[in-house]
Amino acid sequence: MSRSTRVRTLAHHELRAATRSRLLVVLAAILVLVTVVSVYVGAVDYRSQIADYTAYLQAAAASGVTQLPPPPLRLLSLLRGAMEYLEIIGAVIGVALGYLSVTRERAGRTLALLRTRPVSVGELAAGNLLGASAVLGILLATTAVAAVLCLGVIGHGWVDTGQGVQLLLAYVAALLYLLTFYCLGVIATARSRVAANGLLVALAVWLGVVLVLPQIGDTLDADNQVPGGLFAALGLNLSGETAVLTHFALYENIRTGLEEISLAKHFERFAFAMTDIPNEYQGVSLGQLLAAKRNDIIWLLVGVVALGAGTLRALRRQPVTTGGQP
């Protein structure tokens with residue numbers, strides 16, 4: 001059996017085992033459900049606003065107005081809730097997948113037994129990561145298709161080719177993000193004698209990275225202190241905002257630093273930019289968007305590589321057994 005065949009076999013095993021887990025199926029169903037509900041609500045409101053805009057255009061045309069403004073609505077921005085659910089619930093699914101992967105092999109004593117076979121630790125880690133990527137990819141594809149169908153069928157706004165590319169990039173970033181939490185679940189569980197303790201450690205890290213750090217950064221952001229933005233309320237543009245913030249450089253550096261160490265914040269920034277949510281990216285080309293957000297995608301790639309290496313190391317430390325006994 002070749003190396004690639006062994007990796008594919010391990011990946012298929014990971015995929016098949018994950019689909020048999022009731023916990024993962026329930027979590028995935030919850031994620032798909034909340035995604036559909038959030039997009040449904042947004043799509044209904046979008047359809048209503050489009051109808052109002054169409055009525056306005058007809059009235060303006062009847063009055064002889066020739067210069068008509070473009071619609072102020074952004075279709076992909078309706079996916080904000082879907083991205084936020086991926087950021088929170090998706091990360092939990094990643095942790096659970098990693099935890100179950102290790103506990104399942106421990107319970108069946110297959111993890112240690114595998115190491116006595118002609119399967120290297122690298123092949124084992126690659127097979128597990130490939131299988132986890134397939135599981136998470138199917139989950140993300142399901143939520144993406146459900147969201148796009150809701151936008152089209154309910155909101156009467158179908159995603160065009162350019163928007164489809166942006167959406168694809170957002171979900172690729174989501175896959176990288178969820179894989180980091182899968183690796184976190186594997187590492188924390190594999191390094192703990194009691195699997196439940198490893199799960200608690202992984203969830204504590206999830207709590208800090210996904211909920212606490214981004215919340216601290218948002219709370220300390222001066223622009224968030226007033227609905228609609230403090231600087232907008234003061235009538236300051238970007239240069240004016242920059243001039244004001246230069247007087248609080250240390251404060252801003254600390255606040256930004258807290259956000260920088262949160263992978264959740266990097267995923268959120270990239271995904272929001274790809275789904276047209278921030279106003280400052282209106283009318284910006286895809287190349288300019290990617291250039292502006294390259295720091296966030298680099299952080300996500302570094303996270304996957306670093307935790308992937310940690311997964312390899314954690315699996316290497318698993319005890320070897322012969323004949324099914326440690």
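Helices here are DSSP runs of H or I with at least four residues, strands are runs of E with at least two, and both are numbered from the N terminus. Keep that in mind while you move through this predicted model, in which local features need pLDDT of at least 70, side-chain atom pairs count only at pLDDT 80 or more, and totals for chains, interfaces and linings use all residues. Residues are numbered from 1 along each chain as its sequence is written, and side-chain values use heavy atoms, with hydrogens and water left out.

**The whole chain**

Begin with the protein in cartoon view, where you can count 13 helices and zero strands. The C-alpha trace spans about 85 × 50 × 30 Å along its principal axes. Of the 326 residues, 43% are buried, where buried means under 20% relative accessible area, exposed means over 50%, and partly exposed lies in between (1.4 Å probe, protein chains only). Contact means heavy atoms within 4.5 Å, and among contacts between residues at least 6 apart in sequence, 82% join residues at least 24 apart.

**Annotated spans**

Next, colour the residues that the unreviewed UniProt entry lists as "transmembrane region", namely 21-43, 85-103, 124-155, 167-187, 194-216 and 297-315. UniProt positions are given in the numbering used here, feature names are shortened, and such annotations may be inferred rather than shown by experiment. Select residues 85-103 and you will find a span that is 100% helix and 0% strand, with its end C-alpha atoms 26 Å apart. In residues 124-155, which are 94% helix and 0% strand, the end C-alpha atoms lie 45 Å apart.

**Aromatic pairs**

Now show the side chains of Phe, Tyr and Trp. A pair of aromatic rings is described by the distance of the centres and the angle of the planes. Rings (for Trp, the six-membered ring) pair if their centres lie within 6.5 Å, and planes under 30 degrees apart count as stacked, over 60 as edge-to-face and the rest as tilted. By this rule there are three aromatic pairs. One of them joins tyrosine 53 and tyrosine 56, a tilted pair with 6.4 Å from centre to centre and 40° between the planes. Why are tyrosine 53 and tyrosine 56 separated by about one helical turn? They are so placed because they stand three residues apart in helix 2 (residues 22-62). Tyrosine 53 is buried, with a relative accessible area of 15%, whereas tyrosine 56 is partly exposed at 42%.

Move on to tyrosine 177 and phenylalanine 181, an edge-to-face pair with 5.1 Å between the centres and 70° between the planes. These two residues are four apart in helix 6 (residues 161-190), and therefore about one helical turn separates them. Tyrosine 177 is buried at 0% relative accessibility, and phenylalanine 181 is buried at 3%.

**The nonpolar core**

Stay with these side chains, and ask which members of the largest nonpolar core touch the most other members. They are Met83, Tyr177, Phe181 and Phe267, out of 76 residues in this core. A nonpolar core is a set of buried Ala, Val, Leu, Ile, Met, Phe, Trp, Tyr and Cys residues joined through side-chain atoms within 4.5 Å. Helix 6 gives the largest share of this core, 17 residues. Leaving out residues up to four places away in sequence, tyrosine 177 touches Leu86, Glu87, Ala91, Val210, Leu263, Ala264, Phe267 and Leu300.

Further along helix 6, select threonine 189, which is buried at 0% relative accessibility. Its contacts, apart from neighbours within four places in sequence, are Tyr99, Val102, Thr103, Arg106, Ala195, Gly198 and Leu199.

**Two more stops**

Leucine 301 lies in helix 13 and is partly exposed, with a relative accessible area of 42%.

Finish at glutamine 225, in the loop between helix 7 and helix 8. Is glutamine 225 buried or partly exposed? At 48% relative accessibility, glutamine 225 counts as partly exposed. Not counting residues up to four places away in sequence, glutamine 225 touches Asp218, Thr219 and Leu220.
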